[in-house]
Amino acid sequence: MLHMWRGNADTLACVAAFGTTTFLLRLYCKRLSHLLWVFVSIQPIIWIPDSTQWAAAQIQHVLPGVSPTHVFGAVAAAFAISFLLSFLNKPKEPKYVVDEAFLANTANFQAVYTGATQTNIGAVVSELRAGFQHGVSKPLAKRREQLLGLRRFLVENEAALVQALKDDLGRPEYEGLYYDVLMPVSEIDHTLKGMAAWAAPKPVGGSVLTFPSTQFLQEEPVGVVLVISCWNFPINLA
């Protein structure tokens with residue numbers, strides 16, 4: 001009976017240590033950097049013999065008959081699983097509500113389809129704002145589509161853009177190509193690569209008082225903006 005009790009006590013202690021460590025790590029260490037900080041902080045306890053012996057003595061004092069080695073192993077397993085989950089945790093795309101009826105009505109985008117001119121710029125801005133308010137331009141898929149369209153425009157019109165910069169500003173072809181074509185294309189590629197991570201909810205640490213709720217920061221687009229570029233780098237700085 002004593003041997004059975006000790007085995008059950010070991011199991012219960014390991015489960016408790018594993019569960020408590022996992023709970024605390026998930027509660028306070030929402031990012032991999034937080035986990036690394038905690039792991040580095042407990043290194044003295046792990047590697048200094050006196051600290052390890054003191055922790056083992058405390059475990060045996062509180063839980064007589066329980067093996068400290070098993071408890072330490074359960075804590076180490078909790079750390080290992082938390083590290084693994086942090087690596088495997090992929091950013092989730094935020095969900096936006098799109099008014100499909102508004103999107104399907106092409107009359108809502110008549111000025112946008114026509115193109116901006118000096119006479120209809122107000123109508124274009126109004127349609128863009130209405131589209132944003134109805135969630136048309138918020139989904140990441142739509143943003144990727146717009147960025148890919150801009151990238152395609154730069155690549156397909158490379159020669160015309162470089163020639164226009166040469167004619168208007170007297171800029172050498174290699175300079176116009178580098179600054180106003182290749183650099184914007186590179187920035188678009190960088191944005192496409194990081195967009196999902198930037199838009200994903202950023203978890204933040206909570207507290208026992210807010211358990212089991214989850215706290216996070218959500219980056220949100222603010223709407224239609226006006227971009228005014230410098231005359232000497234009309235594409236790059238826009």
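Which pattern does the protein chain follow when read along the sequence?

View 1. The pattern is α-α-α-α-α-α-α-α-α-α-α-β-β. That makes 11 helices and two strands. Both are DSSP runs numbered from the N terminus: helices are H or I with at least four residues, strands E with at least two. This is a predicted model, where local features need pLDDT of at least 70, side-chain atom pairs count only at pLDDT 80 or more, and totals for chains, interfaces and linings use all residues. Residues are numbered from 1 along each chain as its sequence is written, and side-chain values use heavy atoms, leaving out hydrogens and water.

**View 2. Inside and contacts.** Of the 238 residues, 24% are buried (under 20% relative accessible area, 1.4 Å probe, protein chains only). Take contacts (heavy atoms within 4.5 Å) between residues at least 6 apart in sequence: 63% of them join residues at least 24 apart.

**View 3. The largest pocket.** A pocket is an open set of points on a 1 Å grid over the protein atoms alone, where a 1.4 Å probe fits, with protein on both sides within 12 Å along at least five of seven lines. The volume here, the space filled by probe spheres set on the points, is about 1,300 Å³.

**View 4. The pocket lining.** The largest pocket has 32 lining residues, each with an atom within 4 Å of a point. Ser137, Arg143, Gln146, Leu147 and Leu150 lie nearest its centre. Helices H7 (110-114), H8 (121-133), H9 (140-156) and H11 (173-199) each give two or more residues to this lining. H9 gives the most, with seven.

Technical notes
Buried means under 20% relative accessible area, exposed over 50%, partly exposed in between (1.4 Å probe, protein chains only).
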